[in-house]
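Have the structure open as you read.

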Amino acid sequence: MIAKIGGGKDTAGLIRYLFDTKKAKDHTDPHLVASWDGFAPDPGRADDFDTTKRLLVADLDLHVKQARRLGRAPEKHTWHCSIRAAESDRILGDEEWADIARRVVAATGIAPEGDPDGCRWVAVRHAPDHIHIAATKVRADLRTARHWNDYLTADRELAAIEKEYGLFQVVRGDRTAAKRPTRAEQEKARRAGQDKTAPERLRATVRTAVAAASSMEEFVDLLHHVDGVLAEVVHFPSGDVRGYKVALADDANDPIWYSGSKLAPDLSFPKIQKRLASIDLQPTSQPGRRWPALWHQATAVLERIPHRLDQPDNQASQAHIAAFGEALDALPILTPQDIRPQLRDAATVFERATRSRFQAEHRHALALRGAVRAMLREPAPTDGAVLAMFLDAAILVVIAAARWHELRHHDQQVAAAHQTLLHLRVAYDQAAAAPLAALAQRRPPQQTVNRHVRHLRQAVPDHAEQIIDDPAFDALTTTLAQGEAAGHDPVWLLQQVADQRALDDADSAARVLTWRLQRLSARLDPSAGARAAQDRSAAAQRIDAQVHKGAAVIAPQPPQVRQR
C-alpha cells in the first residue's frame, strides 16, 4: 500500500472532489467507509446530495471556525491522505478499509486512539482499490494537530497492515534515495529520444568523476572536461567555494542547473569534499607495469569486504559499501566495450544501495578507494583474467551487501543489490569465458586430475563434490597443476584460498577457487625445490642448444670416477 499526503485551505473543495462523478470519470459509487465518530453525514448515501454535502463540510469545519475566531486556526487547515492498494492485492471490503483508515489517522497524530479531542475526519471510497482520508487539522480543544513526519508514520503503519492483511509488501525507503524524476523531466527526455532524464544522466557523470578524482580540484577539472556537460563552481560573496552545479550542454541556450545535493544526498559539495579529503595516491614509478598488481590488490580488498560487513560497526560497513559503489562507477572506464553497458547498468542500480541512514566513516575504506584511483591512472588491462577475478569478487560483495541491508530492513537497498547481481553476472560471464576456456584447454592428465580430486576432498570436504561437477573444474585443475609445478602443496594452496562463507554464496565455487589460486600464485615465489628444478631444466636446455650447434660439451663427472 502506498500513501500520499497533502494539505490545503478549502474543505468544501476537497469534499466536492472526493464525491464528484462527473469530471472524475474513474470515481464510482463514492461513499463514506469511516468517520471520526461513526455518525458523519454521507452524501453518497443520502437522497439530498447537496444538502448532505454542506452538512458534512460544516461538521468538519466546526473546530476550524471556532479556532479562527480566536485567531488560532492554521491557514492550511485540511489534511488529505490517499491510500492505494497494489494491483495484485485482493479487493478489500468497506470494513477493512475503515479499519485501515482508523489506524492511519491514529498513527499520524490526526486522531490518536483513545483521544476524545482528536481531529474530525472522514474516509471516502470512490474506487475499488483506494480510499481518501479528509480531515481538518484543528482539534476539539482548538489546538492544531501535531502530525509531524506523518508520511513516515503512515508508511510504517501501512507496512504493518500489509503483513496482517496478507497484502503485497511494498519495498520501502529510508529517505536517502535520490529524487525521482518529475513528469516534466521524463517528458522532456522522451521528446529528446533519451532513455534517461537529465538528472539521471548528470548523476551518473558526477558519480564517475567522484570515483576518478583524488582531490576536489581534480573533481572540478574532470567535470569541466566531460563532453555534453556544463559545470560551474559556485562561490560565496567572500570568494570561498559554496558548491558546484551541472547542466546538460543540450540546454546550452537555457540550461537547467542542478546542484550536487539535488542529484543525490551524497553528491553535495561538502560530502564529496569529505570523501576526497582522505585519498592518498602513491605515485606510479613504472608506468604500464603495475596494472596486474593493482587489480590483484583491489580484488583482494573486495574479498575482505564480506567479512567487514559481518562486524558490528555500521558506519564502517556503510563506508565499505560506498567505496565499492565508487569502484563500480569507475569500472566501465577500465573495461572492454562489449561489457560496458552491463557494468554501467550495475553501477546505476547499485547507487541506491550505497546510502542508508548510517553515515559512512570513509577512513575505513581507504584501501579500495586508493586502489581504484590508482587503476584509473594505469593502462587498461590486457589480461581478461584479472577483470574476471575482480568481477567474481564483486558478485560476492553485492551478495554480502544485500544481506547487510536486509538485516537492517533497508528494503530498497536490498532490491537494488539483487538487481545489481543480474547485471554483474552477465558481465562476469562475458569476461570470464575466454580465460576459463584457455585454462580448461590445458587440463592436466587424468592421473593428475584424480590426485587433485583427493586434494579437494581433503581441503574443502563440504564443497568438494559440487566443485568436481562444476563446469569450471577443468580450469581449476589446470591452476592447481600450475601451483604444484611451482613447488607448492596443492592442499596448502586450497586451504589458503578456501573461505567457506564465500563458497556458500558463490554461483560457482570452482571459479572462486580458480581466481583466488591465480592471485595467490602471482604473489608467491616458487619454492626452493622448484627453483632448483627450474635451474636444472634451464641448464639442460642451454646444453641441448649448444649440442645442436655442434659445440663439444663435456659433462663434469664425480672426482672418484673421473678419467685422465
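Is the crossing of H11 and H12 left-handed or right-handed? The crossing of H11 and H12 is left-handed, a term for a near helix turned anticlockwise from the far one by less than a right angle. Please keep in mind that this is a predicted model, where local features need pLDDT of at least 70, side-chain atom pairs count only at pLDDT 80 or more, and totals for chains, interfaces and linings use all residues. Residues are numbered from 1 along each chain as its sequence is written, and side-chain values use heavy atoms, without hydrogens and water.

Helix H11 (residues 314-334) packs against helix H12 (residues 340-350) at an angle of about 155°, with the axes 8 Å apart. H11 and H12 are therefore roughly antiparallel (angles over 145 degrees). The contact of H11 with H12 comprises 10 nonpolar residues, one polar and three charged.

Now to the rings. The whole structure holds five aromatic pairs (ring centres within 6.5 Å; edge-to-face means planes over 60 degrees apart), including these:

| Pair | Type | Centre to centre | Between planes |
|---|---|---|---|
| Trp-295 and Phe-390 | edge-to-face | 5.5 Å | 70° |
| Phe-324 and Phe-350 | edge-to-face | 5.2 Å | 90° |

Phe-324 lies in H11 and Phe-350 in H12, so their pair ties together parts 26 residues apart in sequence. Phe-324 is buried (under 20% relative accessible area) at 0%, and Phe-350 is buried at 1%. Trp-295 is in helix H10 (residues 291-309) and Phe-390 in helix H14 (residues 384-407), so that pair ties together parts 95 residues apart in sequence.

Methods
Axes fitted to C-alpha atoms, helices over the stretch in contact; angles between N-to-C directions. Helix = DSSP H or I, 4+ residues; strand = E, 2+ residues; numbered from the N terminus. Parallel < 35°, antiparallel > 145°, perpendicular 65-115°, else oblique. Nonpolar A, V, L, I, M, F, W, Y, C, P; charged D, E, K, R; others polar. Phe/Tyr/Trp six-rings, centres within 6.5 Å; stacked < 30°, edge-to-face > 60°. Buried < 20%, exposed > 50% of the residue type's maximum accessible area, 1.4 Å probe, protein only.
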